[in-house]
Amino acid sequence: MRTVIVLAAALTLIACDGGSDQAAMPRNQAAPDTGAAAEVARLDPSIRDEVFAKAIRDSGAACPTVTQSQRAEIRTGVRGWKAQCDNGSAHLIEITPDGTAKVSSRTY
């Protein structure tokens, strides 16, 4: 009788999952790049760094040249880029679906 109760409880737990693959996927996984963000991701790194340097300067921050950029999580579920400038400043850049670059600059 005890085995039947344990088996029934186990089957109930399995049924609650519904066989979904969703449990295997992290809940805060960033969505794949689309639109303008996908286009920026496909750029040659040197061209992408030039685009980022211009976006940073347009935001009002100083950045003569971006020396390195890499993918980063801007906030939970939102991927963007971290750009390092040759003047030591660092910036987070999010590319919105309409192509706008949102720049957040780190200050010391």
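# Close-up views of a predicted model

View 1. Ala-36, Ala-37, Ala-38 and Val-40 are the buried residues of H2. Here "buried" means under 20% relative accessible area, "exposed" means over 50%, and "partly exposed" is anything in between (1.4 Å probe, protein chains only). The buried residues of H2 pack against H3, S2 and S3.

A quick note before moving on: this is a predicted model, so local features need pLDDT of at least 70 and side-chain atom pairs count only at pLDDT 80 or more, while totals for chains, interfaces and linings use all residues. Residues are numbered from 1 along each chain as its sequence is written, and side-chain values use heavy atoms, with hydrogens and water left out.

**View 2. The whole chain, for orientation.** The chain has 3 helices and 4 strands. Starting at the N terminus, the elements run α-α-α-β-β-β-β. Of the 108 residues, 25% are buried. A contact means heavy atoms within 4.5 Å. Among contacts with a separation of 6 or more, 30% are between residues 24 or more positions apart.

**View 3. Helix H3, end to end.** How far apart are the end C-alpha atoms of H3? They are 20 Å apart, which agrees with the 20 Å that the 14 residues of this helix (residues 45–58) should span at 1.5 Å a residue. The expected span is 1.5 Å times one less than the number of residues in the helix. Just after H3 comes Gly-60, with a positive phi of about 105 degrees.

View 4. The buried residues in H3 are Arg-48, Asp-49, Phe-52, Ala-53, Ala-55 and Ile-56. They cover an arc of only 165 degrees around the axis, so they sit on the same side of H3. That arc is taken from the directions from the helix axis to the C-beta atoms. What lies over these buried residues includes helix H2 (35–42), strand S1 (66–75), strand S2 (78–85), strand S3 (90–95) and strand S4 (101–105).

View 5. A salt bridge is a side-chain nitrogen of Lys or Arg within 4 Å of a carboxyl oxygen of Asp or Glu. By this rule there are 2 salt bridges. One of them joins Asp-58 to Lys-54, with the closest N and O atoms 3.0 Å apart. Both residues lie in helix H3, 4 residues apart, which is about one turn of the helix. Asp-58 is exposed, with a relative accessible area of 57%, and Lys-54 is partly exposed at 46%.

View 6. S1 and S2 run antiparallel and are joined by 8 bridges. Two strands count as paired if DSSP finds at least two bridges between them. Which residue in S2 is the bridge partner of Val-66? That would be Cys-85. The hairpin leaves 2 residues between the strands, and Gly-77 in the turn has a positive phi of about 80 degrees.

**View 7. Glu-94 and its partner Arg-75.** The side chains of Glu-94 and Arg-75 meet in a salt bridge, 2.9 Å from N to O. This pair links distant parts of the chain: Glu-94 is in strand S3 and Arg-75 is in strand S1, 19 residues apart. Is Glu-94 buried or exposed? At 12% relative accessibility, Glu-94 counts as buried, whereas Arg-75 is partly exposed at 44%. Leaving out residues up to four places away in sequence, Glu-94 touches Ile-74, Arg-75, Val-78, Thr-100, Ala-101 and Lys-102.

**View 8. Thr-100 in the loop between S3 and S4.** Thr-100 is found in this loop, and at 38% relative accessibility it counts as partly exposed. The side chain of Thr-100 makes a polar contact of 2.8 Å with the side chain of Asp-98. A polar contact is a pair of N or O atoms within 3.5 Å; within protein, one must be able to donate a hydrogen and the other to accept it, and residues adjacent in sequence count only if both atoms are side-chain atoms. Setting aside neighbours within four places in sequence, Thr-100 is in contact with Glu-94 and Ile-95. The C-alpha atoms of Thr-100 and Ala-36 are separated by 8.4 Å, although the two residues are 64 residues apart along the chain.
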